[in-house]
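The exercises below are meant to be worked through with the sequence and the structure side by side. Try each task before reading its solution.

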Amino acid sequence: MSLEQRLIQLLATGISNGAIYALLGLGLVVVYSTTRIVNVAIGEFATFGALITVSLLAAGVPFPVAIPAALAAVMVLAAGVYRVALQPARQKSAGGLTLLIISIALHLALKGVALILWGTRSYTLPAFTPGTVRISLAVLQKQHLWILGLAALVMLALWLGFNYTVRGRALRASAVNPVGARLMGIPVMAMGGAAFALSAGLAALSGVMITPLSLATYDMGFMLGLKGFVGAVLAGLHNYPVTVLGCLFLGVVEAMAAGLLPSGYRDAVAFIMLIAVLLWRALPALRHGVLYSEEAVRE
Amino acid sequence: MTGSTAAAPGRHYRWLAAAGLVLWAVLPLLLAGRLSLSIFILIYLYATIAIGLSLLAGYAGQVSLGQAAFYGLGAYITGILTVHAGLSPWLSFPAAVLGTGLLAYVVGAPILMLRGHYLVVGTLGLNIVVTVLFRQLYGLTGGPSGLTGILPFSIGDVVLRGNVVYYYASGLLMLAAAWMSSNLIRSRFGRALQAIHASETAAESAGIDPTRHKLLVFVWSAVLAAAAGAMYAHYVGFISPSPFGFEFSVQLLMMAVIGGIASVPGAVLGAALAVLLREGLRSVIPLLVGASAAEYEIVVFGVLLAAVVILSPEGLWPRISRWLDRVLAGRPAAAGAGSGVPARQPVPPMGNVVRLPQDAAARAAAPHGSPAPANPAAANPAPVRVLPGPAANTAANPGAANPAAASTAAGNPGGGPAGSREPLLKVEGLTRRFGGLVAVRDLSFEVYPGEIFAIMGPNGAGKTTLFNMISGVLRPTSGRILLDGRPIDGLPAHRVAALGVARTFQTPRLFPLLDAAENVMVGLHQHLRAGFAVSALRMTGREEAAARSRALDALVQVGSPELAPQPVDALPFGAHRMIELARALAARPRLLLLDEPASGLTGAERQELARLIRQVRDAGVTVILVEHDVPFLMQLADRVLVVHHGEAIAQGLPGQVRRDPRVIAAYLGDEQGGGDDGAPLDGAAEAKAPDAILEVSSLSAGYGRVPVLRDVSFQVGAGEIVAVLGANGAGKTTLMRAVCGLLPATGSVRYEGREVLGLPAERISELGIALVPERRQLFDTMSVEDNLILGAYTRFRGRGTDPGAAAVARDLRHVYDLFPILHEKRHQPARSLSGGQQQMLAIGRALMARPRVLLLDEPLLGLAPLVVADILNVIRRMRDDGLAVVLVEQNAATVLPICDRAYVLEAGRIALSGEARRLRRAPELQAVFLGGAVGGEVRR
């Protein structure tokens, strides 16, 4: 393989990974902007999406039915988790850190549940369509195209929903201005649950799509979620299109690093990027004085 | 637990601690092989790390998910040095601790710029990067398979090995960590950390450098983790990357949280629980599920953590400690950082502001303290000590240094700038922008030593922004600030504070983990010397005692010495104001900035405050005052500066300013907006017999401890415009928020005969009460049309019927009819509109819900006269359509012509009410807004 060929190959894998991260990143932004919760457990929803699909297939449910069923199950699970663990704390107006710790706890608990249900084995799913396809110099699995296509479709659906339905607008409004939203009669607290379910659905889909390429295990979720988070942080946790770009960028940089550096450094690349971006974002606060940065956090 | 050595001063804790210590010492004998000591070694090591995390996260508020990295660095550095360099453990151990500390120092400086979530994630990233390095640097670390052959400690030929040796070594390490950390918490350093946690802005204004303190505590926590890690490496003799992953960081945080994040014994308790639980699960789970599924423990951990955080956010130790207080003492006693003192005493009236001698101060404080005197100063009052510190010398008594200034100011209040004196503070061309908004524009003024200089202006005039720039918490966009001729703009706030500038905040910013005296002592930070090491080893006795007595002095000065030992959380609002003022005064400032010191205080308290401020001025301190309560300000100020829209519009003696037509216009508005419209309002007003649709009676509300509304009643009927008038801070917005269910309140709000108080805001708006809120609360980034459609949200749900696109489209057309400009801009984001257009959008959005009552909160604020006329016309049209309109305004003169009736709010009560056309000419109205003589039949 020539270097050029290799680079194109890496670029393509990177974009496909980036699309997976982007779904998770979007989910994190939806939840963060409506509830100010950084949902550490989002990766577990990806795990559950993948493993529930595995189990349904094993039980003889056909693939095209199993996937939507798994997504629906995960969304219901997420709404329940929000209702039981997060809404009470939000109603007591818990601080951001308390919510973060609760979501870390949820991450641990859900990961544990996945361990109990599925053990430490690795599972796999068949590719949506098997085989490879040649694009320019790169040879890609057809699954990569599925990922890109479905991710694009989901993003389009999100865009339409957020812009052209009353409920979608209400969700955005709860994020943009919760006080204004309550005055319009929008139940902001319940919108948090809707956001949670939506993000879990996105995560579950990403988990199902990536499994044919890299195996599914009970602990697959956390790293996925963190990658999505890095992309979302690039966008300041509030801008949807920039989140997608950030995640794609991360995917590509990571794939390049994985291809060109020893593979063990792959995770480090993502997090060095994360720290660099965080610091870069913290700089303007320094210029404006302590009050500015403190209020930027409370925001 | 042995950790109770670290408990706070209560006497019975000492017995407990002694018993724990004995138990710790003899435990290996008691167990005699029945239970492995390795469990205890792990507990002690984890507890050591958790103690550091408790200081970092619980006290300083800097939550880190990277502690395992420092634990790992300690282990790997000592391991590498013994294995590869053949160094003796006696050398490699300190090298590991110091090296990790140094790394933490280098990494901490940038990473601590991050705040909140971002710091958590940043430290987590750090942890992951470090573990990746452990795995990848095969040559040094042995890669994933790890590093073997780490030498144990040895003395001569005796190799120190085995559980018993390390049981005592790790136990001593933990005890040392607990002892030093507890000392730190109770020192100047610990107070600074807790201040930073509560509010970096307030801490920095009190003279604390947050960056430095955060970095120090970060390094301290890293050092503790590294010591534990290095000891672990020598104990086990083998290390691999896996115990140092971020999963362990999560567990460490969990230990600290479960035990009680802001407590040293809690950290020990949490570590013990986590280790015991894990060991327990490891022996139980295989029995239940057969296989060796050690990782099942994470389910239990996760659920446990969630349960503790949700059910008992403060953690277990504070609860146990309170329980111990009850059981052991049969009465509450001082425990932890000043908790447990009988709290919730009635508000002490602000009594005589007399400077008591020291022993009197101590006596005044003593009866409220625990029987064991809280501090040596109280027990053994010493003569006045002069504290060290350069600022103390210069700032100690500027009045004495310059008696002329004080006497001039006192004898000639309002004397203004006496020509020969140099200004203490000089502000030149100061400007501050926030994005497109100019909060302060080209402001210049001078403040002379020994005067009370007041700054007033309507809402959003830029007063607080100005304060923030002078005190250094906000950097100006341009312009200069000179203190004694020396530029201070651009200096960090703690440097400004060190130059003798102290301030208070609009809402008092106290530090809830500290008692009142300690809160005041935070103000002394820059006058104290004790460094980190001295504090950790508790060698601060004399200085602390002197600081405490000086803090008591300051509390005496504000008339509240009895508050000293009380935890501030339980105290009433008035006490918070006084404690904050004492904190500012304790620093013996040359310039004191008071941001709305009177708001939230009762009438009597305000008079006491005025006396106190005069007294401070007479002692030679220059005071700058920002205040909403204009009458209060007028009686107090020597000179007044009036700002409006960020610009100075008048400056001079209070009497002059009050008569300035521009000031009156800024406060009361003028009539050019809608007054000359010539509508036959007199007739209209009488024609209506208001059949109240909204009836508010005896409504009282406030924010937390701040009472704002007291017993307010008003009514409005369909087809009527009722004005609620009042100056800034009179409680207008609070009233609107309370009526709409956005704020808890007592009293009654009846809508169409039905009680709606206590219903959630969503429900109230659904019933037909719409609020156009202060600052509009638009959905900024969404389009104009999206904003309007969301106004109709309640009609899309509930009631079982979809209004249908047609009905909504019809209402949209109606709104576009009223405001054609909105139609033109319907696809633009709301934030791109001008202020007036945004106001129209806010009104249009409220109308989309088809309300029967429309509440408008300051709809004219900051609008140009033409726009004002437009909006008033629309309001009139809505009234004519049968809507009940409540118009909350400061600009009385502008709105009264279109109103039917009006109520005037003053300090949270209805001061005047009556028909609008009568009120327009009432002299009492101006008195309410700008102070001055009042009398008249309309006043209740």
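**Exercise 1.** Find which residues touch the most other members of the largest nonpolar core.

*Solution.* Begin with the core of 408 residues, in which Leu555(B) and Leu855(B) touch the most other members; such a core is a set of buried Ala, Val, Leu, Ile, Met, Phe, Trp, Tyr and Cys residues joined through C-beta atoms within 7 Å, where buried means that 20 or more other C-beta atoms lie within 10 Å of a residue's own. Helix α10 (residues 210-236) of chain B contributes the largest share of this core, 17 residues. The model is a predicted one, in which local features need pLDDT of at least 70 and side-chain atom pairs count only at pLDDT 80 or more, while totals for chains, interfaces and linings use all residues. Residues are numbered from 1 along each chain as its sequence is written, and chains are lettered from A in the order in which they are written.

**Exercise 2.** Determine how strand β22 (residues 884-889) of chain B is covered and paired.

*Solution.* First, six of the six residues of β22(B) are buried, with Ala884(B), Val886(B) and Val888(B) on one side and Val885(B), Leu887(B) and Glu889(B) on the other. Next, β22(B) pairs in the parallel sense with strand β17 (residues 720-726) of chain B over six bridges and with strand β21 (residues 853-857) of chain B over five bridges, pairing being counted if DSSP finds at least two bridges. Finally, Ala884(B) stands opposite Glu720(B) and is also the bridge partner of Val853(B).

Conventions
A residue is buried if 20 or more other C-beta atoms lie within 10 Å of its own, exposed if 12 or fewer, and partly exposed in between; C-beta atoms are placed from the backbone. Helices (H or I, at least four residues) and strands (E, at least two) are DSSP runs, numbered from the N terminus.
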